[in-house]
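Dear colleague,

Please find below the structure that I am handing over to you.

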Amino acid sequence: MPYLIIAGLALFLLVTYAGCGKPKTPNTASPPEPKPAPAVERVAAPAKVAPKPSDPEALTETPKKKVPRNACCYKMSAPPTTFDYLCPRCGERTLYALPPNASEKERAAVVDATFVLNVQLEGCRRALAAIRDLPVELDESQFCRKCSPAVEKPELVLVVRRPGAAGPHRVAGVTVEDLRLLNEYLSGKPTHTVEHDYETPMARQAQRLEELLGLKPSLSEETK
Ligand SMILES: [Zn+2]
């Protein structure tokens, strides 16, 4: 009998041990398995939807343009629309500025006049001073309100006093390039220098030279 009791006890222990070998519940002592990332993190960002016309933001939000660096370096800035002109003839000052409620006509007149005064005047004075072979003057009086009170659209005027001519020849609206061209022609240069130092035959400027001189220019073969 004791033998049977021992055998029964051994069987009981064997069954109990085998049952504990595979626990039905997860072993809390083992390291936890990595949890899957929350689904929200894997969701792609919602696509941007254009605001509806009824959306108040659509009315106030302006599209943002990407401005390249150093953009100012590529853009020509407009000359100022003010100029304090001192008349070399009478000594009076004429102030050019846009009035607060300027009409289109007044605005255009001020913009045109200040463009000439800011961009052309000094260059024309220097280019004229360089002309030695012909008696020429630069008449600026249209820009003086005292000398020319009735002039609405002032221009720079070239006055050419050719020896033997009946009277002075006047050309309105001359530019720095006109006066350089005239000097090149009078100096006997066969070409006219234009932008970027590009040379063109003087003969191509015959029409403008005739306007500036008041007579047909005498152009030799080498200028054609
Ligand atoms: Zn004056």
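Two strands are said to pair if DSSP finds at least two bridges between them. Helices (H or I, at least four residues) and strands (E, at least two) are themselves DSSP runs, numbered from the N terminus. Please note that this is a predicted model, in which local features need pLDDT of at least 70 and side-chain atom pairs count only at pLDDT 80 or more, while totals for chains, interfaces and linings use all residues. Residues are numbered from 1 along each chain as its sequence is written.

Overall composition

The protein holds six helices and seven strands. Read from the N terminus, their order is α-α-α-β-β-α-β-β-β-α-β-β-α. Of its 224 residues, 12% count as buried; a residue is buried if 20 or more other C-beta atoms lie within 10 Å of its own, exposed if 12 or fewer, and partly exposed in between, with C-beta atoms placed from the backbone. Two residues are in contact if their C-beta atoms, again placed from the backbone, lie within 7 Å. Among contacts between residues at least 6 apart in sequence, 48% join residues at least 24 apart.

The strands

An open sheet is formed by three strands in the order β3-β4-β5, and the pairing is antiparallel. Its edge strands are β3 (136–139) and β5 (169–172), each of which pairs on one side only. On average, neighbouring strands of this sheet are turned by 20° against each other, direction ignored. Strand β4 covers residues 157–160 and is joined to β3 by four bridges. Within this pair, Val136 stands opposite Val160 of β4.

A further antiparallel pair consists of β1 (residues 83–86) and β2 (residues 93–96), again with four bridges. Asp84 stands opposite Leu95 in β2, and the bridge partner of Tyr85 in β2 is Thr94. In a regular strand the side chains alternate between the two faces of the sheet. The hairpin of β1 and β2 has six residues between the strands, and Gly91 in this hairpin takes a positive phi near 85°.

Helices α4 and α5

Helix α4 comprises residues 104–129 and helix α5 residues 176–186; their axes come within 8 Å and cross at roughly 10°. Axes here are lines fitted to C-alpha atoms, for helices over the stretch in contact, and angles run from 0 to 180 degrees between N-to-C directions. The two helices are therefore roughly parallel to each other, given that angles under 35 degrees count as roughly parallel, over 145 as roughly antiparallel, 65 to 115 as roughly perpendicular and the rest as oblique.

On the α4 side, the residues that meet α5 are Gln120, Gly123, Cys124, Ala127 and Leu128; on the α5 side they are Val176, Leu179, Arg180 and Asn183. By type, the residues of this contact divide into five nonpolar, three polar and one charged.

Which residues of α5 are buried? They are Asp178, Leu179, Leu181, Leu182 and Tyr185. These residues cover an arc of only 155° around the axis, which puts them on the same side of α5; the arc is that of the directions from the helix axis to the C-beta atoms. What covers them includes α4, β6 (191–193) and α6 (206–213). Just after α5, Gly188 takes a positive phi of about 80°.

The loop between β6 and β7

His196 lies in the loop between β6 and β7 (199–201), and Asp197 has its place in the loop between β6 and β7 as well. Phi of His196 is near 60°, a positive value in a residue other than glycine. Asp197, also not a glycine, has a positive phi of about 60°. His196 counts as exposed because it has 5 C-beta neighbours inside 10 Å, and Asp197 counts as exposed with 6 such neighbours.

Yours sincerely

Terms used. Nonpolar A, V, L, I, M, F, W, Y, C, P; charged D, E, K, R; others polar.
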